[in-house]
Amino acid sequence: MPEIRSALSSQLKIGSYGAMQDLPGLILREQHPGTLFQIAGWDTFEHDIKPLLEQYSFSDIGNYRQVQNKGNNWCFRIAPDRVMIRDTSGAGRAPEVDDQTLAVIDQSHARTIIQMQGTEVEAVLSRLAPIDFSVAAFPPANFVQCGIDHVNVLIQRVSEDCFELFIPYTWASSVWQVIGINAAQFGYRVEAH
Amino acid sequence: MKQPNRLEHGGRIDRDRAIEMQFDGQTLSAFEGDTLASAMLANGLKIVARGFKYHRPRGVFSAGVEEPNALVHLRSGARHEPNARATVVEAYDGLQSTGQNAWPGVRFDISAVNQLLAPFIGAGFYYKTFMGPVKGTAFWMFCEKFIRRAAGMGRAQTVADPDEYEKVNAFCDVLVIGGGPAGLAAAIAAGQCGARVILLEQDACLGGSMLSLPVGGESDACLKAMEATLKGMDNVRILKRTTVFGAYDQDVYGAVERVWDHVEVPPAHQPRQRYWQIRTKQAVMATGAIERPLVFANNDRPGVMLANAVRSYVNRYAVLPGKKIVLATNNDSAYAVAADLVRAGAEVSLLDARVSVPAELFKPLEALGVQLYPGYGILAAKGSRGVSGAKIVLLDENGCARGPSKTIRCDLIAVSGGWTPVVHLWSQRGQKLQFDEQSASFLPLKSASSTLKTAGSANACGDLNQALLQGEVAGQEAAKAVTGVVGVQVNVPRLKEAIYADDWARDLLMIWSVTREDGSTDGKAFVDVQHDVALSDIDLAHREGFVSVEHLKRYTTTGMATDQGKLSNINALARMAQLQALSIPKVGTTTFRPPYTPIAIGAIAGREQGIHFRPTRLTPVHDWHVDNAAVMIEAGAWKRPWYYPEGGETINQAYVREAAHVRKHVGVVDASTLGKIAVQGPDAAEFLNRVYVNAWKKLKIGRLRYGVMLRDDGIVLDDGATARLGENDYFMTTTTANAAKILGYLEHLLQTAWTDLKVHVTSVSDQYAAFAVAGPSARDLLDAVCSGADLSNEALPNNQFVKATIAGVPVRINRMSYSGELAYEVYVASGYAHAVWKNLFKAGASFDIKPYGTESMGALRIEKGHVAGPEIDGRTTLGDLGLAGFASRVKPFSGSVLRHREKLDMASRPTLVGLEIDGDTGGMAGSLIYDQRAQQMGEEQGFLTSTTYSPALKKYISLALLRDGHERFGESVDIVNHVGDTVQTAKVVSPHFFDPEGARQNA
C-alpha cells in the first residue's frame, strides 16, 4: 500500500517565512487525520448511536462546541443527527453499523489537518474566520464549524496556543496559501509533523 | 523653504525631527506630528486646490475629516491615491503630493474660465442646458463626453496597487468609538468595570478635541492621566488611526485602520490598511461634533477657515495662518479661539451675531485687546486668490443686513456657525434623531437603542467636564449591561474648572447665513463648498419645485461630495426651511449611509483579490497534470487539465490528437471534479425514485444507472449515474458544475418536503478521486494493473461495478462510458489517487496510454451525442434532449407534474439534433439556425449548443436544438453567427454521430 499523499504535497515546504523575528509567531504543520468517519442517524439518533459511542468510551453524543476525547479517539457532534469520529490508533477502518438506524461514511481522505501553533495563533485565525478565538470564548477542547476563504472547515482548539483545522482535501492548497499570506506579517515556520 | 507661519514655540509637533515634503513641486518644511495641511499653512500656501465646477481657488478650510477643499493626489506611480484630505494626511519625510482638478496647476488653472459660464452651469444644468434646447438626447450625449472628462476631482491609477490590505475580525464587550475626552472616559469606566473593551480613534493620537487646547494646560494633564490609566489595562485594546466607517445590524461595526499610511512604503509583509469587522455587545458613540461654517458671499476664498480649525493649527501644530483675523460666530465657542489667537500673536476682531454677549465671555478678550462687534456678521469676503478683508454689517434676526457695511482689512476669516454632532453611526443603525432647538442640531433620541450609547459632544454636551462625565456614565452602563458588575469606583479625572466658552450649545443663535437686506448675496455664497453648491442653487431648486429634501439633495448635489455633507447638511436644511417657512425638522433629513469617510477599495477587498479572489479547488492528481505540461482551465473553482500539448501543439491540434488516440488506443481523463454524494438510509431507494425521472427501487447492489433530475418546474436540472453500494447505501454522481447545487437541493427536499424519509446525503467529493479510462485497450490496461476482480465483458458488463485493488489500494471500478468507447471509471481514496494514477500510466505504457483533457473529452461526448451543460442550460426539457423515454409514466417524481405544462409539451419545441458543418471551419456555439427555404431571413429555428472537430468523422460537427428537429434529418440549413458576422451551411443529422448502436462501448 503506498503512503497517503498529502493534499499539500507541492505547497508545503519546510522553512521560515514572512517577517521573522527571533521566534516565529506561528508554526504550521500538516497531518493526516487518521481514520475519520461520519455517523448519521434519524429521529432516535442519540439512542441508536450510544452503544457505538461506548465502544470508543464516549458517554454520550456531546454538544456542538465541546470535543470529546478519549485516548486516540475524538468525537465531534457536527449536526443534530451527525457525529464525526476521529481515530488515530491506526485501526484504519470505520465501524460496522445497523444500516436501518445509522449510516456510516468514511471520510479519512476527505480532510487534511493543518495545525497552527504559536503566540500569534489567535491573531492569525482572527484574519481567517469571524469567530472569537479568545481563550475565554473558545477554550481548549472546543471546536467550531465555520468557513475560511469560503471553504467549510472545522476548527478544534487543542491547547491555549494550538488549533487544528480540518480542511477538505481538494480545497486544502487554497486554504494553506490563505493562511500563509495572513501569517506572513507575524513570521511563521512550516515544520514537518 | 522657510515656514513663515510657524510659531516659534508650542504645538504638539516634534521640532527635533524636521522633515521635507513636496506639493506641486514645491518643497514644504515641516516637523513630525504635522499634517500635510498644517505644513501647507506653515509654509504660507494659500491656494491648495480648485473648486469642482467653477475652479475657484481654494485653501485649507478645516483641520479634520470634514475638509471640503484641500483634496490632493498623494504619492505617485502604483501607490498614487486621489482625493486624499491634506488635513488628515500625516506628514512624513519625502511625501509627494500634487493638486487636483486643475491644469496646469492649482495656482493657475485654465478651467477657471468656467466661472464665466456660471449662469449656465447652476444646479441641475445637465437637465436643462444640454437637454432642453434641442429635441431628443443626441446633443446631450455629445456633450456628455466632455462633461464626463471634466467631472470628478482626483484621477485614479490603473496600475495594480502593490500594497497589501487585510481584514480582521474582532470581538469585545464594549466598543468605544472616539478617543476624545468622552471616549477615553468611557473606555476607562467600562474597562474598570471588567468589560473587554476596544477603543477606536481616527487620529494618530488620543485626545480628540483636547488636542486643540493649549499645550501644557490642565486638559493636557487630564489627557496624560487617562492615557496612562488605559495603558495599564490589559482588557482595553486601543486602535489609533482607525475610523469606524459603518454601523451594521447585530452590533457589527466596520472600521479601517490606516496601519502604514504614514509612510511611503509599508514594511515587508505588513498591510497598508486593515479592515476591522468588530462584533460587540455594547457600543459607546463618542464621535464628537464638527464645527459648522457660516454662509456669506465668497465664503470659499482661500483664507476662510473654521474657527476651531484655526485654534487646532495654533495649539496643536504651532501654525498661525493669519496675522489679522476676523472671527465671526453665533455661539460661545469662538471666544476661547479668539483668546488663543491673540496669545499666539494675532490681531483679532470678533463678530458675534448675538447682540448681547455675557461678560464672562468678553471680559477676558477685552483684556487681550480683541475688538468685539456684537450683532455683526460677515456680508462678504474680499480678495480673489486669498482673503484681503471682510465686509461686515449689522444683522437683523434673520441674518439680513441692517444698515451700511464696512470693511475690516484682514488676511484670515475664521467662522463658527455652531456645531453638528457626528451622529452618522447612530443613524446607520436605524436609530432616530431629534432636532434640538437649543443646539440647533439633530441629536440621538435617548433610549432608542439598548446596545448603542452616546456621550460627549455627540450629545451636544456642555463643556469638557460634562463630556468626561457622560463618557464615564456611558462606559459604566455599557459594561454593566454585559458583565452585570455595579458599584465599581472608576478612575476618570476632571478639570478643576470648566471652560465657560466650551459650552457652544448654551446660547447659540441660529443665524447661519448673512445676506443683503433683500436676501441676495454679493457674490457666490456657498452652502456645499466641495460641490460648488451656492445659496442661489438651493433657491433655484426650490423655485423649480424640488421641495423634498431628497430631491433637493440630488438636484443640487449638495451633500453628495466626498465630505458627504458634513459641513453643509444643516445649512442646506436651514435654507430649505426658510424658503418653505417650516422648521428644520419638518423639512426632514436624508439618510446617512456608510462609509462615514471614504475608504480604499483595497481595504474592502482585503486579501480576496488576484488568485485569492475566490478559493481554488485542485484534484488529488493536480500536481501530475502540471508536471506533465497540461494547460489548465477553470471549471468553476476547479482547475482541470484542458489539454496536454505535445511538441508545441495548439489547442486544436492537441484535442484532436487526444480524442483520436482515445478512439484508437486508451486514454485517461481526471474526472475527480464530478460531484459525488453518498445517499444513505432505509429510504434511500424511495428518495432516488422521487428525485430522478427513472425508476430506482429495483436497482441491485453492484449495479449503477444513469439518471436525470428535473427542477420542480419540469425543466432538466442535472444528470449523472448512481451506483448501489449496499442495501441502504448509494453513490450518486452529478455534473461538476451542479455538484453543490444538487447537494443543497437534496438536503432542502429532505429538510422541508420529505422530512419523513430516513435518508442522509453527504458529499464525498473530497474523499474520492475518479479517473475515466477509455478506449479499445481500456480493459486490457485495467486487467494489467488490477487484482481481485474479473473485468471481462461477461463479469462486468456496462452499468455495473466491482471492487478491486491497484498497487494494493482498494478501488471501485464502474463500467460506464461517456466517450462512447469501452470505458471504466476508477474511484479511489484521494490520498492514494496520485499513486494509482501513476500506476495506470506505468502499466499503460505498453498500451500507449495518454492523458486527455476536457477539450477532447468534449469532442468525444459530442461525437456520441451525449448532453452536457450547454444542452442542460436551464431551458430544456426531457423531450427537447431526446430523453423523454427515460421518464417513468407510473411514479411521481420532482417535476413530473409541471413538465407537462402546455408550453413544455409543444411539438414544435426545438429538439436535439446533430449538424455536420460544411467546409473547413467549425460552427460557433450560440450561432442561430435558419431555414434555407425561407424567402428572407426571418425567425430563427434553433441554435448551436456544442461544437467540435470530429476526429472520427473527420469533419466539424455540432449538437444543436432545432425546431421540429427529428423531422428534418437530411435537410440543409444556414448557420448564422451574428456576432462574428459569418454564415455557414450544415446538414441536419442524428445527434448520435458515432457508433450509434454502441458497439464500441459494449465490447
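Biologist: Is Ala49(B) buried or exposed?

Modeller: This is a predicted model. Ala49(B) sits in strand S3 of chain B, residues 49-50. The cut-off for burial is 20 or more other C-beta atoms within 10 Å. Ala49(B) has 28 such atoms within 10 Å, so Ala49(B) is buried.

Biologist: Which residues is Ala49(B) in contact with, leaving aside its neighbours within four places in sequence?

Modeller: Pro302(B) is 253 residues from Ala49(B) in sequence, and the two C-alpha atoms are 9.3 Å apart. The contacts of Ala49(B) are another list. They are Arg58(B), Asn69(B), Ala70(B), Leu71(B), Gly99(B), Gln100(B), Asn101(B) and Val106(B).

Biologist: Take chain B as a whole. What percentage of its contacts with a separation of 6 or more comes from residues 24 or more positions apart?

Modeller: Chain B has 23 helices and 49 strands. Its C-alpha trace spans about 115 × 75 × 55 Å along the principal axes. Of its 1003 residues, 53% count as buried. For contacts with a separation of 6 or more, the share from residues 24 or more positions apart is 67%.

Biologist: Why is helix H22 of chain B largely enclosed by the rest of the structure?

Modeller: H22(B) runs over residues 854-864. The buried residues include Met857(B), Leu860(B) and Ile862(B), and also Arg861(B), Glu863(B) and Lys864(B). H22(B) is largely enclosed because, of its eleven residues, the number buried is ten.

Biologist: What covers the buried residues of H22(B)?

Modeller: The cover includes one helix, H17 (651-664) of chain B. Strands of chain B are also among the covering elements. These include S30 (631-635), S31 (638-643), S32 (666-670), S46 (942-950) and S47 (955-963).

Biologist: Which residue follows H22(B), and what is its phi?

Modeller: The residue after H22(B) is Gly865(B). Its phi is positive, near 80°.

Biologist: Are H20(B) and H21(B) roughly parallel or roughly perpendicular to each other?

Modeller: H20(B) covers residues 778-785 and H21(B) residues 830-844. Their axes come within 9 Å and cross at roughly 110°. Angles of 65 to 115 degrees count as roughly perpendicular. The two helices are therefore roughly perpendicular.

Biologist: Which residues of H21(B) meet H20(B)?

Modeller: The crossing of H20(B) past H21(B) is right-handed. From H20(B) come Leu781(B), Ala784(B) and Val785(B). By class, the contact has five nonpolar, two polar and no charged residues. On the H21(B) side the residues are Asn839(B), Leu840(B), Ala843(B) and Gly844(B).

Biologist: Now chain A. Which element gives the largest share of the side of domain 1 that touches domain 2?

Modeller: Domain 1 of chain A is assigned as 15-33 + 109-190, and domain 2 as 35-106. Their C-alpha centres lie 25 Å apart. Each domain gives eight residues to the contact. On the domain 1 side, the largest share is three residues, from S9(A).

Biologist: Which element gives the most to the side of chain A that touches chain B?

Modeller: The contact takes 39 residues from chain A and 44 residues from chain B. In chain A, the elements giving two or more residues are strand S3 (35-41), strand S7 (102-106) and helix H4 (172-183). The chain A side divides into 19 nonpolar, 14 polar and six charged residues. The most, five residues, comes from H4(A).

Definitions and conventions:
Residues numbered from 1 in each chain as written. Chains lettered and ligands numbered in written order. Predicted model: local features only at pLDDT ≥ 70, side-chain atom pairs only at ≥ 80, totals over all residues. Buried ≥ 20, exposed ≤ 12 C-beta atoms within 10 Å, placed from the backbone. Helix = DSSP H or I, 4+ residues; strand = E, 2+ residues; numbered from the N terminus. Contact = placed C-beta atoms within 7 Å. Domains from an automatic or database assignment. Axes fitted to C-alpha atoms, helices over the stretch in contact; angles between N-to-C directions. Parallel < 35°, antiparallel > 145°, perpendicular 65-115°, else oblique. Left-handed = near helix turned anticlockwise from the far one by under 90°. Nonpolar A, V, L, I, M, F, W, Y, C, P; charged D, E, K, R; others polar.
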